[in-house]
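Subject: Structure handover

Dear colleague,

Here is the structure for your files. Please open it alongside this message, as the notes below refer to residues by number.

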Amino acid sequence: MKKFLLLCLTLLLSITLAACGTSDDSDTGNDAANDSNTSENTNDNNNDDSNVADNTNGNNGSTEGNDDLDLTNVSLTVEDAMEAFHDHFPGSSLSSIQLDEEKGELVYDIDGYDDTMEYSAEINQSGDVISEEKEQKESDEQYDELVLADYISAEEALSTASEAPETDGITARGWSLEFENGSPIYEINFEDMGSQEVDVYIDAEPGEQLHVEVDD
């Protein structure tokens with residue numbers, strides 16, 4: 001009888017120890033899994049921070065590039081842009097020309113016409129036509145031809161516009177030349193990173209300032 005009781009106690013003790021060992025192993029596995037998840041989350045957060053830093057640097061680079069654009073020192077002159085337009089649309093006359101920023105680059109936007117069609121083209125600083133449009137000329141539309149040899153240059157118009165007190169400390173971002181009320185008019189656009197915009201209008205023939213518009 002004593003041997004039987006001793007055998008039962010021994011068996012019960014073995015079962016208890018086995019159960020404890022299984023529980024410890026399970027806890028150890030859970031701890032390891034938790035440590036792994038914590039490490040992965042930390043790495044993910046670090047990656048997110050890195051992406052934010054990359055985006056910030058990219059945006060800063062874009063802004064700095066815009067500030068570097070200089071309307072008075074372009075790779076492609078107005079005359080070369082006109083020649084590229086005429087080569088693409090032979091026999092056409094010019095009705096308007098604009099120099100403005102597009103995707104961090106200065107691009108000419110030129111409109112023209114002939115006896116039957118209207119033309120529009122964007123020309124980059126390499127002299128390449130990067131986009132174009134054609135449409136039928138309106139029979140009742142009035143067309144005035146720009147003759148740049150009769151006007152002050154874009155550089156002279158920019159210089160005159162910069163003398164306006166309203167443009168002090170603001171950068172010129174673009175200009176256009178087209179007919180308004182029968183006269184060829186330069187419009188010089190100044191912009192202070194979007195917070196203030198000033199447009200100066202110059203008569204292209206005598207080169208005199210006409211008026212200034214300020215948009216806060």
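A residue is called buried when its relative accessible area is under 20%, exposed when it is over 50%, and partly exposed in between, using a 1.4 Å probe and protein chains only. By that rule W175 is buried, at a relative accessible area of 4%. This is a predicted model, in which local features need pLDDT of at least 70 and side-chain atom pairs count only at pLDDT 80 or more, while totals for chains, interfaces and linings use all residues. Residues are numbered from 1 along each chain as its sequence is written, and side-chain values use heavy atoms, with hydrogens and water left out.

The sheet

Helices (H or I, at least four residues) and strands (E, at least two) are DSSP runs numbered from the N terminus. Two strands are taken as paired if DSSP finds at least two bridges between them. Eight strands make an open antiparallel sheet in the order β4-β3-β2-β1-β5-β6-β7-β8. β4 and β8 (209–215) are the edge strands with a single partner each, so one side of each has no neighbour in the sheet. On average, neighbouring strands are turned by 15° against each other, direction ignored; axes here are lines fitted to C-alpha atoms, for helices over the stretch in contact, and angles run from 0 to 180 degrees between N-to-C directions.

α2 touches β1, β2, β3, β4 and β5, and its direction makes about 50° with that of β2. α3 lies across β5, β6, β7 and β8, at about 60° to β6.

Strand β3

Seven of the seven residues of β3 are buried, so this strand is largely enclosed by the rest of the structure. M117, Y119, A121 and I123 point one way, and E118, S120 and E122 the other. In a regular strand the side chains alternate between the two faces of the sheet. β2 and β3 run antiparallel and are joined by six bridges, with a hairpin of three residues between them. Across this pairing, D109 stands opposite E122.

The core

A nonpolar core is a set of buried Ala, Val, Leu, Ile, Met, Phe, Trp, Tyr and Cys residues joined through side-chain atoms within 4.5 Å. The largest one has 39 residues, and those with the most contacts inside it are I97, Y108, W175, L177 and Y186. Elements that each supply at least two of its residues include α2 (78–88), α3 (154–162), β5 (171–180) and β6 (183–191). The largest share, five residues, comes from α2.

Y186 is buried, with a relative accessible area of 2%. Leaving out residues up to four places away in sequence, its contacts include I152, A157, W175, L177, V200 and I202. Y186 also stands opposite I202 in β7, and β6 and β7 pair in the antiparallel sense over seven bridges.

Aromatic rings

Rings of Phe, Tyr and Trp (its six-membered ring) pair if their centres lie within 6.5 Å; planes under 30 degrees apart count as stacked, over 60 as edge-to-face, and the rest as tilted. The count comes to four aromatic pairs. In one of them, Y113 and Y143 have ring centres 4.9 Å apart and planes at 35°, so the pair is tilted. Y113 is in strand β2 and Y143 in the loop between β4 (129–136) and α3, so the pair ties together parts 30 residues apart in sequence. Both Y113 and Y143 are buried. W175 and Y186 have centres 5.8 Å apart and planes at 65°, so that pair is edge-to-face. W175 is in strand β5 and Y186 in strand β6, eleven residues apart. Ring pairs also link F85, F89 and Y119 into a cluster.

K137 lies over the face of Y143, at 4.5 Å from the ring centre. The rule for this is NZ of Lys or CZ of Arg within 6 Å of the ring centre and within 35 degrees of the ring normal.

Two loop residues

Most residues other than glycine have a negative phi. K103, in the loop between β1 and β2, has a positive phi near 55° and is exposed at 83% relative accessibility. N181, in the loop between β5 and β6, also has a positive phi near 55° and is exposed, with a relative accessible area of 84%.

Regards

Key:
Contact = heavy atoms within 4.5 Å.
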